[in-house]
Amino acid sequence: DLPTTVLAVGDDTLEVWVADEPAERQQGLRAVAELPDGIDGMLFVFPEPKTPNFIMSGTPLPLEVWFFDPEGSLIGSHEMTPCPADPCPVYPAPGPVSWALETPAGERDFQPGDLLSTSASG
């Protein structure tokens, strides 16, 4: 029962779950086989810029993670594949970020420098 927010990346508008508490960020989309209708992904909100690592342990849905710096500019991404058993690959942010956005793999085509705008803040 996560809160949702509408955000924009470039010209694309999405409705996403918001993970802005440590336990929510830790859980992420683990055990989510598919997103419900009307939900386009999950926004991870970091109260202070940090360089997080993402891992797909226990996550059956192939995802892309998009990293946004404190100004909201897209600075990198990874395509992440499900990992059924440890050890799983680690997908690090390319630098300090304030937001990370997970979307189903292949559904979005954001470009470096695209701006994130949202009412969700740390």
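Predicted model: local features only at pLDDT ≥ 70, side-chain atom pairs only at ≥ 80, totals over all residues.
Seven strands form it, in the order β6-β5-β8-β3-β2-β1-β9. The sheet is open, and its pairing is mixed. Its edges are β6 (74-80) and β9 (116-118), each of which pairs on one side only. On average, neighbouring strands are turned by 30° against each other, direction ignored.

Strands β1 and β2 give one example of the pairing. β1 covers residues 4-9 and β2 covers residues 12-19. The two run antiparallel, joined by six bridges. Within this pair, Leu 7 stands opposite Leu 14 of β2.

Strand β5 spans residues 63-68. Six of its six residues are buried, so the strand is largely enclosed by the rest of the structure. In a regular strand, side chains alternate between the two faces of the sheet. Here both faces of β5 are covered. One side carries Leu 63, Val 65 and Phe 67. The other carries Glu 64, Trp 66 and Phe 68. Each of these residues is buried.

What pairs with β5? Strand β6 does, in the antiparallel sense, over six bridges. Leu 63 stands opposite Met 80 in β6. The hairpin of β5 and β6 has five residues between the strands. In this hairpin, Gly 72 takes a positive phi near 90°. Strand β8 (residues 97-104) also pairs with β5, again antiparallel and over six bridges. In β8, Trp 99 is the bridge partner of Phe 68.

## Salt bridges around Arg 108

Side chains of opposite charge can pair when their charged atoms come close. The model has two salt bridges. One joins the side chains of Asp 12 and Arg 108, at 2.8 Å from N to O. Asp 12 lies in strand β2, while Arg 108 sits in the loop between β8 and β9, so the pair ties together parts that are 96 residues apart in sequence. Asp 12 is partly exposed, at 25% relative accessibility. Arg 108 has a value of 16% and counts as buried.

Asp 40 and Arg 108 form a salt bridge as well, at 3.3 Å from N to O. Asp 40 belongs to the loop between α1 (22-27) and β3 (41-50), and Arg 108 to the loop between β8 and β9, so this contact ties together parts that are 68 residues apart in sequence. Asp 40 is partly exposed, with a relative accessible area of 22%. Shared partners join Asp 12, Asp 40 and Arg 108 into one salt-bridge network.

## The disulfide

A disulfide is a covalent bond between the sulfur atoms of two cysteines. How many does the model hold? The count is one. Cys 83 and Cys 88 form it, with their sulfur atoms 2.0 Å apart. The link is left-handed, with -90° about the S-S bond.

Are the two cysteines buried or exposed? Cys 83 is buried, at 9% relative accessibility. Cys 88 is buried too, with a relative accessible area of 11%.

## Aromatic pairs

A pair of aromatic rings is described by the distance of the centres and the angle of the planes. There are three aromatic pairs in the model. In one of them, the rings of Phe 54 and Phe 67 have centres 5.7 Å apart and planes at 65°, so the pair is edge-to-face. Phe 54 lies in strand β4 (residues 53-55) and Phe 67 in strand β5, so the contact ties together parts that are 13 residues apart in sequence. Phe 54 is buried at 8% relative accessibility. Phe 67 is buried at 0%.

Trp 66 and Phe 110 also pair edge-to-face. Their centres are 4.8 Å apart, with 70° between the planes. Trp 66 lies in β5 and Phe 110 in the loop between β8 and β9, so this pair ties together parts that are 44 residues apart in sequence. Both residues are buried. Ring pairs also link Phe 44, Phe 54 and Phe 67 into a cluster.

Technical notes: Residues numbered from 1 in each chain as written. Heavy atoms only, no water. Pairing = 2+ DSSP bridges. Helix = DSSP H or I, 4+ residues; strand = E, 2+ residues; numbered from the N terminus. Axes fitted to C-alpha atoms, helices over the stretch in contact; angles between N-to-C directions. Buried < 20%, exposed > 50% of the residue type's maximum accessible area, 1.4 Å probe, protein only. Salt bridge = Lys/Arg side-chain N within 4 Å of Asp/Glu carboxyl O. Disulfide = S-S within 2.5 Å. Phe/Tyr/Trp six-rings, centres within 6.5 Å; stacked < 30°, edge-to-face > 60°.
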